[in-house]
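User: I would like to learn how to read several features of a model, one at a time. Could you give me the general idea behind each, and then the case at hand?

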Amino acid sequence: MKRRRPLIIFGAVVALLLATFLLVPLVVVVVSAFSPSAALGVSSEQWAAGAGAGRAFRYVLATYGAHLRTSALLALLSASAALALGLPAGLSLGVAPRTRTAGALEILLTLPLAMPGLTVALALLTAYGAYAGDLGLLVLGHVLYTLPFTVRTVAAAARMSAIASALEAARTLGATRVQRARYLLLPSLRRAAQTSLLLALAVSFGEFNVTFLLATPAHGTFPTALYLTYTTNSFPVAAAATTIFLAGLVPLLAGALWLGGEPQQGA
Amino acid sequence: MAGGFVWPLARLCVAAFSRGTESHSGLYRLFADSYARRALGHSLALSLVVALASVAICLPAALSLARGRFVGRALLRGVFAIPLALSGVVVGFLAVAMLGNAGALPALLHTEWLRGTAYGLGGLGITYLYFEIPRATLTMEAALATVEDGLLEAARTLGARPRQLVWLVFWPLCAPALRAAFGVTFAASLGSFGVALIIAGRFPLLPVELYRSFTGTLDEPLGAAMALTLALLAIAVLWVSGRRAR
Amino acid sequence: MRASIFVFLCLAGVAHAADDSVIQYDCIPNYANWGGVTALYKQKSGVTVPPDPKGSSVAMAALEREKDAPRADCAYYSGAIGVAASQKGLHQPYKPTGWDKIPAGLKDKDGQWWTVHTGTIALVINTKALGAVPMPKTWDDLLKPEYKGKVTYDDPTWGGTGFTFVYGINALKGGSATNWKPGLEWLKKLDANISRYPRESIYNDVLRGEVAIWINADGNGYKMKWVDKGPVEVVVPKDGTVSMPLVMGMVKGAPHVAATKKYFDWLLSAEAQAEFAKSFFRPVVPGALPAELRDKFLPDAAYAGVKNLPLAEMATASEGLKKAWLAEIGKK
């Protein structure tokens, strides 16, 4: 153990450097959203002068507030749908013996994650182009991305807690169906459900590809609004929008991590 | 799942083989057209370089996070999780904010040579690394965490020399983790769209050309062919790297 | 479960705003002050016109794809592309109140399309990003090696402004609706100095100094200079340039026809026209440009060499010219 010490320390230093590389741009953007006058390449005096940060934030909320609401609604709908579908699916995968069929089903469920988001979006557009812009189609697109998280998290929890044998034991001891659900299933899956719900909310809230291609202006999401601010608005507005986005996203991620879910690959 | 995923994919395949208003199928034109081929080549080359680089850079960090116990480890992992949930456009914007012609780094460091790096090939690579570093680190960490702790110790007790330790014990233990991380990062880079949309400039990449074919020039067969090719390549790489990892 | 319940509660209060709306393709908040115009309309009528980032050609492509089940009510285009959309049968006629105030040549006789305001293709220059290099005065100045990597114009297959420039420079260099050679040859020379062909608005990039010279509508430059107070100047090339009518058309099969008609009527009102003028696009209704805004434009003399382009011919040539540009420049 002693001889590995230097390697661990070296690795920790590398990790720290990498984390700095990941954090600095975020900090710069957030700081410049609050103090547009900082020397951060802000050439527009309109946003730097007087009114300062508050003005950029107010502009974003006034212009893109509907996008923020749509994103919140979409995240809520698709995360709940993913939970409603993923809880039973994950449970049965976790309880079932690892047969070939179960394996294939698990692969099929996680396939959307392996594919480029654009491919999924384009496939949906090809098949259901007539419904482009409908909230339902957006929810479908987001469920494809959030379901894998729910299924995997719940299945893993079910396997870990060896729930199948516990249920069997409770049944032979005479516990009713309701009792088994109330005292066994719920407690052992609660944390997995909470974690996957938060992850699903985060993934849906940050998703760009599917909504960019499938949404009409009536249901633009906040990431598409971010794209609008990046291309057409001045830097403080773009920075303020990004800050609002991070303020929505980071608590969801932190909550999921805190509950013990491992970070997953996002969109 | 069938209606929401399998059926749309089937429609996409049909579209890729159809001709539309052109004389050849989308798939044929993707490989016959030198520009589309070049975009595919660029995408593959960029993904390969970025995947290799991120695996190499992140191995020590992953080892340390998986095997070490130190203060702030949980916080570090939390920081690594953030970029995973950022859309590509946000990462692209961060690149412009830091390394653009009017970026923060050239301004804060008072250097000229960094100015505008975001739009060059180097900038594209660095920006891809931004979202691949967390992927590579966390994938390798997960794989390395399952390695039996006592194996190295046992080999050493049995009298293995350092070189033998590295090549006969340590490397075979790490290799599956490296392969898995390579697969995951390669597939993610290949399909990344938002970053390229913001900063790719004059450097054609397949996801952006796909978007252009589908949205701008209304060439559905070509766009479908590109989308299908990207998906098949990503899945193939993931499958090979994942299967070997077991 | 407490945590998830809490999250639900936080978000459940957010009901979706499903009030009255008009969907307009190509409604970029910071282009021609659509942000201000739509905010004012919301205030006046309660009707929402949400922002949309599509350029003219992309808007037309989307309308074509959705022909059987239209999602949009109307679209905003650079003139030629709007006319092309009419030619493809994507519009339905409507003549808004105040139709007679639109000068002849800037509207379709049946009301398939009509001009809402006009711009002029000019050089929008960020002087800070340009640095010590002298300001270009003519189109041919842009070919000089000192502008390498500093010049940008929008991808003409994407937005209408880029297309108007490409068609316009061809006309200025002696080409015609059927002979694109002079323009394409000149653009090939310019290609050496081009940093990129952006597909979406780069207003922000020019304002921040990411881009030094943007060939675009003069109004965008004036807005950067006077409203956003950036280090920006507008140069109208001395060897002439072209004007660009920006047009509206109502989509055939629009989901909200009555609301769109009301919206169109309002867009021609003095109030809306003055609101557009705040971003320095010239109102189509004569006399709607307030004097204090007029003084912030370059003097009329600078605009003496501005030509009007034949929109119908331009529209007919658009598909071919876009393909030729892609083959000879965009995909090189």
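User: Which two side chains meet in a salt bridge at 3.1 Å, N to O?

Analyst: A salt bridge is defined as a side-chain nitrogen of Lys or Arg within 4 Å of a carboxyl oxygen of Asp or Glu. Here, Glu271(C) and Lys44(C) form such a pair, with 3.1 Å from N to O. The pair links distant parts of the chain, since Glu271(C) lies in helix α11 (residues 270-277) of chain C and Lys44(C) in helix α2 (residues 34-45) of chain C, 227 residues apart. Helices in this description are DSSP runs of H or I with at least four residues, strands are runs of E with at least two, and both are numbered from the N terminus. Please keep in mind that this is a predicted model, in which local features need pLDDT of at least 70 and side-chain atom pairs count only at pLDDT 80 or more, while totals for chains, interfaces and linings use all residues. Residues are numbered from 1 along each chain as its sequence is written, chains are lettered from A and ligands numbered from 1 in the order in which they are written, and side-chain values use heavy atoms, with hydrogens and water left out.

User: Is Glu271(C) buried, partly exposed or exposed, and what are the limits of these words?

Analyst: Buried means under 20% relative accessible area, exposed means over 50%, and partly exposed lies in between, with a 1.4 Å probe and protein chains only. Glu271(C), at 31% relative accessibility, is therefore partly exposed.

User: Which residues are linked with Lys322(C) in a network of salt bridges?

Analyst: The network links Glu64(C), Lys88(C), Glu319(C) and Lys322(C). Within it, the side chains of Lys322(C) and Glu319(C) meet at 3.8 Å, N to O. Because these two residues are three apart in helix α13 (residues 311-330) of chain C, about one helical turn separates them. Lys322(C) is buried, with a relative accessible area of 8%, while Glu319(C) is partly exposed at 37%.

User: Which residues gather in a patch of positive charge on the surface?

Analyst: For patches, residues need over 30% relative accessible area and no salt bridge; like charges are joined within 9 Å, and nonpolar side chains (Val, Leu, Ile, Met, Phe, Trp, Tyr) within 5 Å. Lys and Arg count as positive and Asp and Glu as negative, while His and the chain ends are not counted, and the place of a charge is taken as NZ of Lys, CZ of Arg, CG of Asp or CD of Glu. The positive patch here is made of Arg55(A), Arg58(A), Lys229(C) and Lys296(C). Arg55(A) belongs to helix α3 (residues 53-95) of chain A and is partly exposed, with a relative accessible area of 30%.

User: Which residues make the nonpolar surface patch?

Analyst: Val166(B), Trp167(B), Leu168(B) and Trp171(B) make a patch of about 460 Å², where areas come from the Shrake-Rupley method with a 1.4 Å probe and, for residues, only the protein chains shown count as cover. Trp167(B) sits in helix α9 (residues 162-191) of chain B and is exposed at 55% relative accessibility.

User: What is the phi of Lys229(C), and where is this residue placed?

Analyst: Most residues other than glycine have a negative phi. Lys229(C), although not a glycine, has a positive phi of about 50 degrees, and its place is in the loop between α9 (218-226) and β7 (232-235) of chain C, where it is partly exposed at 44% relative accessibility. Asn33(C) also has a positive phi, near 60 degrees; this residue lies in the loop between β1 (24-25) and α2 of chain C and is buried at 12% relative accessibility.

User: Which residues does Asp205(C) touch, not counting residues up to four places away in sequence?

Analyst: Contact means heavy atoms within 4.5 Å. By that criterion, Asp205(C) touches Tyr119(B), Arg196(C), Glu210(C) and Val211(C). Asp205(C) is in helix α8 (residues 203-208) of chain C and is buried, with a relative accessible area of 12%.
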